[in-house]
Amino acid sequence: MHRNGCGFGTVGSRRANRTLVRMDTTEAPAVHVRGLRCTYGEHEAVRGVDLDAPRGELLAVLGTNGAGKTTTLEAMQGRRRPAGGRVRILGLDPVRQRRALAARIGVMLQDSALPAELTPAEFLALWSRLKRDRPTPGSMREQLTAVGLAHRRNVRIGRLSGGERRRLDLAVALTGAPELLFLDEPTSGLDPESRAATWELIRGLLRTGSTIVLTTHHLEEAEALADRLLILHEGTVAVAGTLSEIVTARRATIRYELVGAGPAVPESELVGRASVTPERGVRLVEIRTPDLTRDLGTLLRWAETQRSQLHRLHSSEATLAEIFHEISTTHVSEEATTS
Ligand SMILES: Nc1ncnc2c1ncn2[C@@H]1O[C@H](COP(=O)(O)OP(=O)(O)OP(=O)(O)O)[C@@H](O)[C@H]1O
């Protein structure tokens, strides 16, 4: 994966990242989850989730609203006791060994309630003491510079904008140079510049060996940053893998336009997978294919024998947006009851 570019302020750099991240070369995955189940009363919000986040990689957890992303993250952070399954974080049980893990993980919550009366500098000092970290004024300033907030360090948190508070949340998560970061929608509410700078900071953290589990509603964020993706839907894993594994496992699409009358597709199994839409004097043809090379060959041979002109012929793999849409319009519970 290509990780390059510029970051926030003057320290979106190797110097900042060297001090913000602690390396760990142990081979076991940083996050290992099998058969995770979480319930709220009668409601089973997470239903048998498996996932792994190898060390030094970024796992993006995507999903529809209410899919169980935050609940899964909470179980991984030891903030929610699972109803079933096995969770290991840096080799430890996050519920039973929560104290031992606390200094080694950093958490950026979706809705953190930072004290409005304190300044970012004061809060980071307090938080460092709670994490038993020994910050120097220089290291705290570096942390704030890394998220583009050095100039706001002495302003009360209550006076910061929503985006600035979000960036302070990220600085808080970085306290103590954690090996593993959980970032719950880290760029929600950020302007495009701040989002780009946050992406660059995240890339810098990955370059220096940090492991990151991130939830996001922005598909382009997952595409830009993730080594692996997981899409949750209705409490279960709909798809998981690298972006190219996920995309190549889905059907590609062949599209072309036809002028004039006559058949629009070859007389083959392609007929059942084609849709033909009349538009502005032409017919737009779209064929979904599990085997692009084979079906494109069939189509081109047919066009040659028919002497048909296929205009604007092109093919494309499924996009993450299409895959996400397909997943989000499927009801797991309906499938389970009708199959
Ligand atoms: N405290 C709670 N009590 C009861 N049900 C809850 C509670 N928290 C979450 N749920 C339910 O559990 C399911 C999963 O919620 P969760 O917040 O984990 O989803 P999510 O994927 O993070 O959603 P979003 O993208 O909307 O933040 C949802 O159906 C939600 O309504």
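R312 counts as exposed, with 9 C-beta neighbours inside 10 Å. The model is a predicted one. R312 is found in strand β13. Its phi is near 50°, a positive value in a residue other than glycine. Most residues other than glycine have a negative phi.

R280 sits in the loop between β11 (274–279) and β12. Is R280 buried or exposed? R280 is exposed, because 6 other C-beta atoms lie within 10 Å and the cut-off for exposed is 12 or fewer.

## The four-stranded sheet

Strands β11 and β13 belong to an open sheet of 4 strands. The order is β11-β12-β10-β13, and the pairing is antiparallel. β11 and β13 stand at the edges, each with a single partner strand, so one side of each has no neighbour in the sheet. From one strand to the next, the twist averages 15°. Strands of a sheet pair through backbone hydrogen bonds.

Take the pairs in turn. β11 and β12 run antiparallel and are joined by 6 bridges. Within this pair, V276 has V285 of β12 as its bridge partner. Next come β10 (residues 252–258) and β12 (residues 282–289), antiparallel over 7 bridges. Here A252 stands opposite T289 in β12. Last, β10 pairs with β13 (residues 311–316), again in the antiparallel sense, over 4 bridges. E257 stands opposite H311 in β13.

## Two domains

How does the domain assignment divide the protein? The assignment gives domain 1, residues 14–245, and domain 2, residues 251–316. The centres of domain 1 and domain 2, taken over C-alpha atoms, are separated by 46 Å.

## The three-stranded sheet

Another open sheet has 3 strands, in the order β2-β1-β4. Its pairing is antiparallel. Which strands are at the edges? They are β2 and β4 (84–89), and each pairs on one side only. The twist averages 25° from one strand to the next.

Strand β1 (residues 31–40) is joined to β2 by 8 bridges, and the two run antiparallel. Y40 has H43 of β2 as its bridge partner.

## A parallel pair

Strand β5 (residues 105–108) is covered on both faces. I105 and V107 are buried on one side. G106 and M108 are buried on the other.

β5 pairs with strand β6 (residues 180–184). The two run in the parallel sense, over 4 bridges. V107, one of the buried residues of β5, has F182 of β6 as its bridge partner.

## Helix α7

Helix α7 covers residues 192–207, with 16 residues. From its first C-alpha to its last, α7 reaches 23 Å. That is close to the 22 Å expected at 1.5 Å a residue.

Which residues of α7 are buried? They are R195, A197, T198, W199, L201, I202, R203, G204, L205 and L206. The list includes two arginines, R195 and R203. An α-helix has 3.6 residues a turn, so residues three or four places apart point the same way. Just after α7, G209 takes a positive phi of about 105°.

Note on methods: Residues are numbered from 1 along each chain as its sequence is written. This is a predicted model: local features need pLDDT of at least 70, side-chain atom pairs count only at pLDDT 80 or more; totals for chains, interfaces and linings use all residues. The expected span of a helix is 1.5 Å times one less than its number of residues. A residue is buried if 20 or more other C-beta atoms lie within 10 Å of its own, exposed if 12 or fewer, and partly exposed in between; C-beta atoms are placed from the backbone. Domain bounds come from an automatic or database domain assignment. Two strands pair if DSSP finds at least two bridges between them. Axes are lines fitted to C-alpha atoms, for helices over the stretch in contact, and angles run from 0 to 180 degrees between N-to-C directions.
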